[in-house]
Amino acid sequence: MSFATKVKEELLQGQTAFGTKPRACCHHAELYGLLLFCRDFSKSRMGIKTDNEGIALKYATGVLELTGHRPFMTQSESGRDRVTVPTAADRSKILAAFGYSGNEVTRRLNRANLEFDCCHAAVLRGAFLSCGTVTDPEKDYHLEFILSAKVLCNDLMKLLSEWNLTPKYVQRNGAHVVYFKDSESVEDLLTLMGATESSLDLMGTKMYKDMRNRVNRRVNF
């Protein structure tokens, strides 16, 4: 299991950073983040593609909760899951649940869905499940969100900066990427989202690498 998969599996357990089940407001915010940060979230198209079956089921369960109807689910030969909301009526119902009319020119983060500070962490958790990944700390310290909308990318960066995080931005192959390259920021964000065990694993790996590097330097000297 890759480190990114481990992080997402931990987040799927539904624990907050304090080890308790999310409140109703956080459940709403997490579901919002999961849907909003997918490639498709509009009146014409809505859905997710993922290699993680748990994330696909979480998305489908959320759609059922919001609309009363099950979405359309398929799986490719390679095992990639796809969940789509097939009807315009259901897509409109989901948009309305998060405060959208469906006629928006650009996709923006609607702060009305973030009732308390804990909801900020929840929406980031949903966003990471939707479009985030993190590198194995044995290789590098790197966490990123890959988005299709630049304005939404700016909103995400602003939200992250409010938690004393300093995200960086790059455009890659037509996508907008918000990323962190320093271990402290990756640790802090993992902890904020609720992946505390993964954050501790990263800290342990960093300590081991630092010690190994010091030993190597002394041996070389």
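Me: What makes helix α7 (residues 183-193) mostly covered?

Reply: Eight of the 11 residues in α7 are buried, where buried means under 20% relative accessible area, exposed means over 50%, and partly exposed lies in between (1.4 Å probe, protein chains only). The buried residues of α7 are Ser 183, Ser 185, Val 186, Glu 187, Leu 189, Leu 190, Leu 192 and Met 193. Please keep in mind that this is a predicted model: local features need pLDDT of at least 70, side-chain atom pairs count only at pLDDT 80 or more, and totals for chains, interfaces and linings use all residues. Residues are numbered from 1 along each chain as its sequence is written, and side-chain values use heavy atoms, with hydrogens and water left out.

Me: How do you know where α7 lies relative to the strands?

Reply: Helix α7 lies across β5, β6 (143-147) and β8, and runs at about 70° to β6. The names come from DSSP runs numbered from the N terminus, with helices being H or I of at least four residues and strands being E of at least two. Angles run from 0 to 180 degrees between N-to-C directions, and the axes are lines fitted to C-alpha atoms, for helices over the stretch in contact.

Me: What makes β5 (132-134) and β7 edge strands?

Reply: Four strands form an open sheet with antiparallel pairing, in the order β5-β6-β8-β7. β5 and β7 each have a single partner strand, so one side of each has no neighbour in the sheet. The twist averages 25° from one strand to the next.

Me: How do you know that β7 pairs with β8?

Reply: Two strands pair if DSSP finds at least two bridges between them. β7 and β8 are joined by five bridges and run antiparallel, so the pair meets that requirement.

Me: Why is Asn 164 called exposed, and why is Asn 173?

Reply: The relative accessible area of Asn 164 is 74%, so it counts as exposed. For Asn 173 the value is 81%, so that residue is exposed too.

Me: Why does Ala 127 count as buried?

Reply: Ala 127 has 0% relative accessibility, so it counts as buried. Ala 127 belongs to helix α5 (residues 117-131). Leaving aside neighbours within four places in sequence, Ala 127 is in contact (heavy atoms within 4.5 Å) with Gly 33, Leu 34, Phe 37, Gly 132 and Phe 145.

Me: Why is α2 described as roughly perpendicular to α3?

Reply: The axes of α2 (residues 24-36) and α3 (residues 53-67) come within 10 Å and cross at roughly 115°. That makes the two helices roughly perpendicular, since 65 to 115 degrees counts as roughly perpendicular, under 35 as roughly parallel, over 145 as roughly antiparallel and the rest as oblique.

Me: Which residues of α2 and α3 meet, and how do they divide by class?

Reply: His 27, Glu 30, Leu 31, Leu 34 and Leu 35 of α2 meet Ile 55, Lys 58, Tyr 59, Gly 62, Glu 65 and Leu 66 of α3. They divide into six nonpolar, two polar and three charged residues. Here Ala, Val, Leu, Ile, Met, Phe, Trp, Tyr, Cys and Pro count as nonpolar, Asp, Glu, Lys and Arg as charged, and the others, Gly among them, as polar.

Me: What makes α3 roughly perpendicular to α4?

Reply: α3 and α4 (residues 88-97) pack at about 85°, with axes 9 Å apart, and this angle makes them roughly perpendicular. Val 63, Leu 66 and Thr 67 of α3 make the contact with Asp 90, Lys 93, Ile 94 and Ala 97 of α4. By class, that contact has four nonpolar, one polar and two charged residues.

Me: How do you know that β1 pairs with β2?

Reply: Two bridges join β1 to β2 (residues 46-50), and the strands run antiparallel. Phe 41 stands opposite Met 46 in β2. These strands belong to an open sheet of four in the order β1-β2-β4-β3, with antiparallel pairing. β1 (40-41) and β3 (72-75) each have a single partner strand, so they stand at the edges.
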